[in-house]
Amino acid sequence: MTTRLIVKSLPANCTEASLRSFYKKYGTLSDCTLKYTKEGKFRKFAFIGFDSEENAKRALQETDLSFMGSSRLHVEECKPFGDANKPRAWSQYAKDSSAFKRKHEKELHNASENEGNVKSESPKKKKIDPEYREFLEAQGVKDNEQAKVTTQAPVLGSDELVKLLLEGITGDTKLSLLFTGLPSSIKQKNLKEWLSPVRIKAMKIVTNDTSAAAFVTFNRPPDVRRVLQRNQEYIGGYRLTITKVKPEEETTENFEQEEQPVISRENEEARIREEILETGRLFVRNLPFTTKEEDLHFFFKKFGEIAEVQVIVDKKTGQCKGFAIIDFVFPESAVAAYSASDGKIFKGRMLHIIPGSEKREKNDKDKASANEKTSYKKEKMAKMKANAAKSHSWNALFLGPNAIADTLAEKLGVEKGDLLNSEGGER
């Protein structure tokens, strides 16, 4: 039993807030994701993640075939990536399904013709019933006449839209980003509100009938890095793609060069394993915000001895930011953990694991500053010790009566008994 569920047949007006309130009584939710099409249409299913298997099992048993509003829910266990028992995609929106291929048969056929991989085939003649053929001949209609097909005007693709957007833009573009996949009705005001609190310097938007693209320039490099972290997020049901603007020299070189062969999945996996073998570190993403070091240590210790587990924590809230670094003693253990855990479910979320970079060492400047701090502490302690021996030290206020009598007798040149004698004190 996994901690992640898929909920189907949801109401058309369902929102993330309403779905969370529906399932919150079964335990803490680590994930709640509603699925939309590229056009922003709700597909009426969602993924729910729980922090424990017990809560997920109870939610599955009690909500399967139950009602949310007037819709009867169908709740199933979500299978991880690569699972042999995972059902085959059937939706018309899934690219691997046969329904998607039937719906986009013309587009796929045109794309294959442009690439030169598929030869054009003559259309198959439909078989006509002999009686129906006689009827057509009587009406004076030939069965081999081709019907006239009306085609719509070609719509600009994303690449052509970007080219149109970059026309007339020159100069330094290090602080600029490209936004593609925007809705065609987007306005500058809407994009500014979505980017807040980051301030922009300039903006240019180009639209067509189906989508839009934007060229945005920022004031500071930190703002650019902050906006890039929001890549693949949604605005009005549309998933954005945020990329950096390539310099003019690089773009011209890319047009002149021939298309490079596509890197296969096997070669990519081999490259990732080599990087992990060099460092022995894993960068784990898409973690629940309630994740602790003990949870990750318990999950990954079966693959080998762990040297360090570092969960990246928000300084204000103290909670996990959603990613962590796992450092193994032996790099082979890290490779085994990557192969077995990438795409698996952890507390209701799908893990995404990539190679971790080597641990950074302190620079000479940092070491020098540390030495300066220690020397400053030593100097301060030496001053405090020197001041402690002075006569005006505040410790003199806590001297006992005998010590005060000895000091006064020595300064006045008399005996201690004379000072303490009451008769002498009266005189």
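**Reading sheets and helices in a predicted model**

Q: Which residue of E3 stands opposite Leu 29?
A: Phe 50 in strand E3 stands opposite Leu 29. Bear in mind throughout that this is a predicted model.

Q: How many bridges pair E2 with E3, and in what sense?
A: Two strands count as paired if there are at least two bridges between them. Here E2 and strand E3, residues 42-50, are paired over 6 bridges in the antiparallel sense.

Q: In what order do the strands of that sheet come?
A: The order is E2-E3-E1-E6, in an open sheet of 4 strands with antiparallel pairing. Strand E2 (29-36) and strand E6 (74-77) are the edge strands, each with pairing on one side only. On average, neighbouring strands of this sheet are turned by 20° against each other, ignoring direction.

Q: Which helix packs on this sheet?
A: Helix H1, residues 16-23, packs there and touches strand E1 (4-8), E2, E3 and E6. The direction of H1 makes about 140° with that of E2.

Q: What is the strand order in the sheet that contains E13?
A: That open sheet has 4 strands in the order E14-E15-E13-E18, and the pairing is antiparallel. Its edge strands are E14 (306-313) and E18 (352-355), each of which pairs on one side only. From one strand to the next, the twist averages 20°.

Q: How many bridges join E13 to E18, and which residue is the partner of Phe 283?
A: Strand E13, residues 281-285, is joined to E18 by 4 bridges, and the two run antiparallel. The bridge partner of Phe 283 is Ile 354 in E18.

Q: Which helix lies across E13, E14, E15 and E18?
A: Helix H11, made of residues 293-300, lies across those strands, with E15 covering 320-328. H11 runs at about 140° to E14.

Q: How does the reach of helix H10 compare with what is expected?
A: A helix is expected to span 1.5 Å times one less than its number of residues. Helix H10 (residues 265-279) has 15 residues and reaches 22 Å from its first C-alpha to its last, close to the expected 21 Å.

Q: Which residues of H10 are buried, and why do they count as being on the same side?
A: An α-helix has 3.6 residues a turn, so residues three or four places apart point the same way. In H10 the buried residues are Glu 269, Ile 272 and Ile 276. They cover an arc of only 65° around the axis, and therefore lie on the same side of H10. These buried residues pack against E13, helix H12 (331-341) and E18.

Q: What does the face of H10 turned away from the buried side carry?
A: That face carries the exposed residues Glu 274 and Glu 278. Just after H10, Gly 280 takes a positive phi of about 70°.

Q: Where is Asn 190, and why does it count as partly exposed?
A: Asn 190 is in helix H7, residues 188-195. Buried means under 20% relative accessible area and exposed means over 50%. Asn 190 has 32% relative accessibility, so it counts as partly exposed. Apart from neighbours within four places in sequence, Asn 190 is in contact with Ser 185 and Ile 235. Its C-alpha is separated by 9.7 Å from that of Gly 236, 46 residues apart along the chain.

Q: How many helices and strands are there in the protein?
A: The protein has 16 helices and 18 strands. Of its 427 residues, 29% are buried. Its accessible surface comes to about 31300 Å², and 50% of this belongs to carbon and sulfur atoms.

Terms used. Residues are numbered from 1 along each chain as its sequence is written. This is a predicted model: local features need pLDDT of at least 70, side-chain atom pairs count only at pLDDT 80 or more; totals for chains, interfaces and linings use all residues. Side-chain values use heavy atoms; hydrogens and water are left out. Axes are lines fitted to C-alpha atoms, for helices over the stretch in contact, and angles run from 0 to 180 degrees between N-to-C directions. Contact means heavy atoms within 4.5 Å. Buried means under 20% relative accessible area, exposed over 50%, partly exposed in between (1.4 Å probe, protein chains only). The arc is that of the directions from the helix axis to the C-beta atoms. Accessible areas come from the Shrake-Rupley method with a 1.4 Å probe; for residues, only the protein chains shown count as cover.
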